[in-house]
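Please look through the sequence and the structure shown here, and keep both at hand while reading the explanation below them.

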Amino acid sequence: MTVATAPDAIRPVRWPCPGGGDQGDWALAADRGRPHRILIVPPLFDEMNRCRHMLVDLMRRLDAAGIDSLLPDLPGCGESLQDFADQSLGAWRGAMAAAARHFAATHALSLRGGALVVPTVLPGWTLEPSGGHAILRTMLRAASMAARAAGQPQTTAQLLEAGRERGLELAGYPCSAALIAGLHGAEPANEGHAVLALSDLGQPAPWLRSEPAPAPALAEALARTLADRLAA
């Protein structure tokens with residue numbers, strides 16, 4: 001089954017995200033009040049930016065298949081008005097749980113590091129889940145290489161220790177000590193969530209690209225898989 005697109009399905013909405021104050025925060029919604037409503041929890045850090053276009057494409061395809069979808073920004077990310085430096089895994093988990101309640105989500109789809117903060121009370125799926133240690137290790141290696149190039153060599157272990165004590169800028173993100181400590185031991189919350197693999201979908205990973213780019217074939221494969229599983 002090929003899932004067609006519905007170009008005008010998606011609109012930005014404000015919702016009362018914890019920590020967002022009177023204005024709340026933003027989410028994208030393809031919401032027609034239908035029985036199946038999927039909360040999409042994006043990847044973390046730069047992987048989120050590389051997957052954004054694909055996720056919006058996915059929402060359009062889900063809409064055409066008769067499925068509502070909601071894509072909230074993690075606090076401090078995207079169009080969120082909150083400060084990234086104030087965030088932690090606990091804050092992101094609380095925000096996604098609140099989004100699930102506010103939008104009356106029936107299922108959840110998380111990608112990569114999004115599996116660390118997805119609401120476990122919802123059934124659903126996770127695409128190529130990534131542990132917090134793996135995410136942190138990649139960013140710490142890049143920071144160590146940058147420090148060495150600047151003539152101030154620091155090992156990843158030294159950077160981790162400093163980050164857990166007082167926070168650290170990693171990949172351009174001002175990570176709090178709480179966020180770094182939380183990532184260090186975090187594992188994907190896969191209870192009740194079926195793990196989806198790119199090899200099963202027959203598509204490459206958009207988060208590995210050097211620049212954000214569309215991935216229509218992956219959006220199509222994901223939409224078809226989710227629609228088929230919900231129908232079953």
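Predicted model: local features only at pLDDT ≥ 70, side-chain atom pairs only at ≥ 80, totals over all residues.

Turning to the helices, the axes of H3 (residues 132-149) and H4 (residues 156-166) come within 9 Å and cross at roughly 110 degrees. Because angles of 65 to 115 degrees count as roughly perpendicular, H3 and H4 are described as roughly perpendicular to each other. On the side of H3 the contact is made by Leu136, Leu140, Arg141, Ala143 and Ser144, while H4 contributes Thr156, Leu159 and Leu160; of these residues, five are nonpolar, two polar and one charged.

The salt bridges come to a count of eleven. In one of them, Arg52 pairs with Asp73, with the closest N and O atoms 3.1 Å apart, and this pair links distant parts of the chain, since Arg52 lies in helix H1 and Asp73 in the loop between strand E4 and helix H2, 21 residues apart. Arg52 is partly exposed, at a relative accessible area of 26%, whereas Asp73 is buried, at 2%.

Glu220 and Arg224 also form a salt bridge, their closest N and O atoms being 3.0 Å apart; because they are four residues apart in helix H7, about one helical turn separates them. Here Glu220 is buried and Arg224 is partly exposed.

Methods. Residues numbered from 1 in each chain as written. Heavy atoms only, no water. Axes fitted to C-alpha atoms, helices over the stretch in contact; angles between N-to-C directions. Helix = DSSP H or I, 4+ residues; strand = E, 2+ residues; numbered from the N terminus. Parallel < 35°, antiparallel > 145°, perpendicular 65-115°, else oblique. Contact = heavy atoms within 4.5 Å. Nonpolar A, V, L, I, M, F, W, Y, C, P; charged D, E, K, R; others polar. Salt bridge = Lys/Arg side-chain N within 4 Å of Asp/Glu carboxyl O. Buried < 20%, exposed > 50% of the residue type's maximum accessible area, 1.4 Å probe, protein only.
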